[in-house]
Amino acid sequence: MMAGWIFTLFALLFVGVGGFALVMMMRGKLHATAAAPVRREVVPDGEALHLPLAAGFAGIKGLPWISWASSDIKPRLVLHPDVVEYGVIRSHRLPYAAVSRVDVRRTAGTCNVVLEFHGRLSSFAGNLVDPGKARLAVQVLAGKGCPLSPRAVRLLDEAEGGCQ
């Protein structure tokens with residue numbers, strides 16, 4: 001009987017320490033992404049913005065919190081002069097005209113820019129962590145003629161606020 005209690009105590013301790021380590025690792029990734037600068041690259045047609053992401057998600061259009069793929073290893077969001085490049089597992093390049101809507105979503109410690117595309121069931125969400133970087137991405141996408149959701153418009157209208 002005593003062995004069962006000891007086993008249970010050690011199992012709970014193991015799960016608790018593992019959970020704490022996971023939370024600390026995720027916080028470190030979020031802080032590193034927030035501190036990472038936007039990399040600007042001069043290309044023949046203008047400038048490409050490489051936005052640092054903590055994670056990327058391939059989701060279902062219209063259901064931003066449900067994803068069928070995610071990656072925090074090397075997600076991509078690059079705004080080229082003529083195309084948007086995004087990637088969760090592999091990179092895709094589409095013209096800005098293919099973007100049907102730009103949305104912004106926030107939850108604890110995240111600030112996601114969500115891209116939905118004409119004729120595609122899937123969407124892309126990139127966790128930029130920093131609302132200022134999300135605002136920059138939305139400004140560039142709006143400048144390229146991409147339609148904005150009301151949340152994305154609110155983000156642009158806020159002088160000092162964050163994602164909504």
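Analyst: Leaving aside residues up to four places away in sequence, His-80 touches Glu-47, Ala-48, Glu-85, Arg-93, Tyr-96 and Lys-144, where contact means heavy atoms within 4.5 Å. This is a predicted model, in which local features need pLDDT of at least 70 and side-chain atom pairs count only at pLDDT 80 or more, while totals for chains, interfaces and linings use all residues. Residues are numbered from 1 along each chain as its sequence is written, and side-chain values use heavy atoms, with hydrogens and water left out.

User: Where is His-80, and is it buried or exposed?

Analyst: His-80 is found in the loop between strand 5 and strand 6, and it counts as buried because its relative accessibility is 11%. Buried means under 20% relative accessible area, exposed over 50%, and partly exposed in between, with a 1.4 Å probe and protein chains only. Strands (E, at least two residues) and helices (H or I, at least four) are DSSP runs, numbered from the N terminus.

User: How do strand 5 and strand 6 pair?

Analyst: Strand 5 (residues 76-79) and strand 6 (residues 83-87) are antiparallel and share four bridges; two strands pair if DSSP finds at least two bridges between them. Val-78 has Glu-85 in strand 6 as its bridge partner.

User: And what is the strand order of the sheet?

Analyst: The order is 1-2-5-6-7 in an open sheet of five strands with antiparallel pairing. Strand 1 (39-43) and strand 7 (91-95) are at the edges and have a single partner strand each, so one side of each lacks a neighbour in the sheet. From one strand to the next the twist averages 20°.

User: What joins strand 1 to strand 2?

Analyst: A hairpin does, through two residues, and the two strands run antiparallel with five bridges between them. Within that pairing, Glu-41 has Ala-48 in strand 2 as its bridge partner.

User: Which helix lies across strand 1, strand 2 and strand 5?

Analyst: That is helix 2 (residues 131-143), which runs at about 45° to strand 5; axes are lines fitted to C-alpha atoms, for helices over the stretch in contact, and angles run from 0 to 180 degrees between N-to-C directions.

User: Switching to charges, how many salt bridges are there?

Analyst: The count is seven, a salt bridge being a side-chain nitrogen of Lys or Arg within 4 Å of a carboxyl oxygen of Asp or Glu. One of them links Glu-85 and Arg-76 at 2.9 Å, N to O; Glu-85 is buried at 7% relative accessibility, whereas Arg-76 is partly exposed at 23%.

User: What about Asp-103 and Arg-151?

Analyst: Asp-103 forms a salt bridge with Arg-151, and their closest N and O atoms are 2.8 Å apart. Asp-103 lies in strand 8 (residues 99-107) and Arg-151 in helix 3 (residues 150-157), so this pair ties together parts that are 48 residues apart in sequence. Salt bridges with shared partners join Arg-101, Asp-103, Arg-105, Glu-116 and Arg-151 into one network.

User: How accessible are Asp-103, Arg-101 and Arg-151?

Analyst: Asp-103 is buried at 1% relative accessibility, while Arg-101 is partly exposed at 26% and Arg-151 is partly exposed at 23%. The side chains of Asp-103 and Arg-101 also meet in a salt bridge, at 3.5 Å from N to O.
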